[in-house]
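Please open the model in your viewer and keep the selection panel at hand. The stops below say what to select next and what is there.

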Amino acid sequence: MAGRGRVPGCFVVVLCLLLVALVGCGGGPAADPVRAEVQRVLDRRAAALLGHDAAGYAATGTRTGFDRVRAVPLADWTYRVRDVRRTGDRATADVQLGYRLAGHDRGAVTAARTLRLARRAGQWYVTSERPAERSGQQPWDQGTVHVVRGRHSLVLGVGRSDAALRGFAALADRAVPAVSDAWDGAWAGRLVILVPRSLEDMAGLLGSPASSYRGIAAVTTGETGGAADAPADRIIVNPEAFGVLGSLGKQVVLTHEAAHVATRAHTGAATPLWLSEGYADWVGYRGSARTPAQAAPELARAVAEGRLPGALPDDDDFGFTGDADELARAYESGWTACRLIAGRWGEARLGAFYRAVGAHERRAGAVEDALAEVLGTTPEEFTERWRAYLRAEFG
C-alpha cells in the first residue's frame, strides 16, 4: 500500500509553477498588468486634477478635461477601471468616475465613462474620455464649465455668460428662504443648478431624448429617500422653456425645484406625483399674488366647461411626452389639492401629510393611511371635498 497515489517530486514542482502562472500567488485569477498600469495612470490623473496641477495632468494624456473642469469646486475625483481591451499600443478602458462637489455632495456622483489610451515609450496616455454608451453626459462633456456662487447656491453653466448665471443664483437665493419658510423639515438649504447651452444639452445631461423635456422649464434629479451619503440633487434647466418665462414664472419654477430638493428625504416609492408635484407648486406659488384661475388656467377652463375631474391624477398623467394641456391639468390638480389641505387643515398639517405618505415603503395604503391619521378623512371624502373646491373656485 505504501506509495499508492504518490506523484513524483519533480512533477509536483512543475505543476505548482504552472498553477502559479495561471492563477497568481494569491490563488485567484492572475492580475491584468495592463489594467493595473491604466489604473495607476488614472490615479495620477485624478490627483493632478484635484491638485490643479496642469503639468501633472498633461503628463497623463490630453489636457482637454482639465481646462473644462478647472473652475468646478471639487472635493473628490476618482477613477475605477472595470475593464480594459488592448489592441497593440491602443486600449479602451471602461471606467467608473466618482466625484463630489465641495460643500454640496455628501456622497459621490458616479458615471460610466469610456477612455481611450495609447502607449508610447512604455507608458499609457489618455487620448480621449467620453460618457459610456447609454450614459448621461457631465457638464464638462459639453464645454468649459463656468461657475457662479450665490449665498445658497452653486450654479454651473456651459455656454452661458457670468451675468446670466448670476441671474440663476439670485433666483435660487430667493427660493431657498421661501422653501425653508414653508417646509418645516430639515434640509441642506443649498442648491446645485446646471445651466446647459440648449434643450439638446439638457437632454444629454439627463441621458434622454430632447423630446422628453420640450416645454419643461427645469427638472430636479436626486436619490429618493435622502440617504446620508447621497450626492446633492441637481436642478437642470431647460434654457429654451425657461427663457420664455416672465420674472414671476422663473421664480416659481426655481422655488418649485428647490421644494423638491427640500422634501427629497421624505419622498419615496409611496409618494404619488400629484402630491410631490402639487406640494412643490404650492410652495412655488405660496408667496405670490396669483389667483387660482391665474395659476391653474387649464384646470379652470376645464371646470368652467363642465369637465370636472372625477379623481386626482395618476402618475401616468405627468408624462412629459403626452398632451401639454393634460399635463398642465395634472400639475394644477395636484396644486389645488395641496392648496385645499393648507387652507382647510393648515400648512403644518400639509407638511405632516406629505411626510406621513412618504414614510410608507410602498404605494398601497400610503395615501389612505395618511389621510386618516393626519387629516381625519378618507380618499372618497377627500376627493369629493376637492371636487367641490374646484367647483367653488372655477365653476
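Select His 52 to begin: with a relative accessibility of 55% it counts as exposed, where exposed means over 50% relative accessible area, buried under 20% and partly exposed in between, with a 1.4 Å probe and protein chains only. This is a predicted model, in which local features need pLDDT of at least 70 and side-chain atom pairs count only at pLDDT 80 or more, while totals for chains, interfaces and linings use all residues. Residues are numbered from 1 along each chain as its sequence is written, and side-chain values use heavy atoms, with hydrogens and water left out.

His 52 lies in the loop between helix H2 (33–50) and helix H3 (54–58); helices (H or I, at least four residues) and strands (E, at least two) are DSSP runs, numbered from the N terminus. Although His 52 is not a glycine, its phi is positive, at about 55 degrees.

Next, select Ala 121, in the loop between strand S3 (109–120) and strand S4 (123–131). Its phi is also a positive value in a residue other than glycine, near 55 degrees, and Ala 121 counts as exposed at 87% relative accessibility.

Strand S2 (residues 90–101) runs antiparallel to S3 and is joined to it by 10 bridges. Within S3, Val 109 is the bridge partner of Tyr 99.

Which residues does Thr 383 contact, leaving aside its neighbours within four places in sequence? Select Thr 383 in helix H15 (residues 379–394), and the partners to display are Gly 310 and Ala 311, contact meaning heavy atoms within 4.5 Å. Thr 383 is buried, with a relative accessible area of 17%.

For the last stop, select helix H9 (residues 273–286) and helix H13 (residues 347–358), which pack at an angle of about 150 degrees with their axes 11 Å apart; axes are lines fitted to C-alpha atoms, for helices over the stretch in contact, and angles run from 0 to 180 degrees between N-to-C directions. The contact includes Trp 274 and Tyr 279 of H9 and Leu 350 and Phe 353 of H13.

Terms used:
Pairing = 2+ DSSP bridges.
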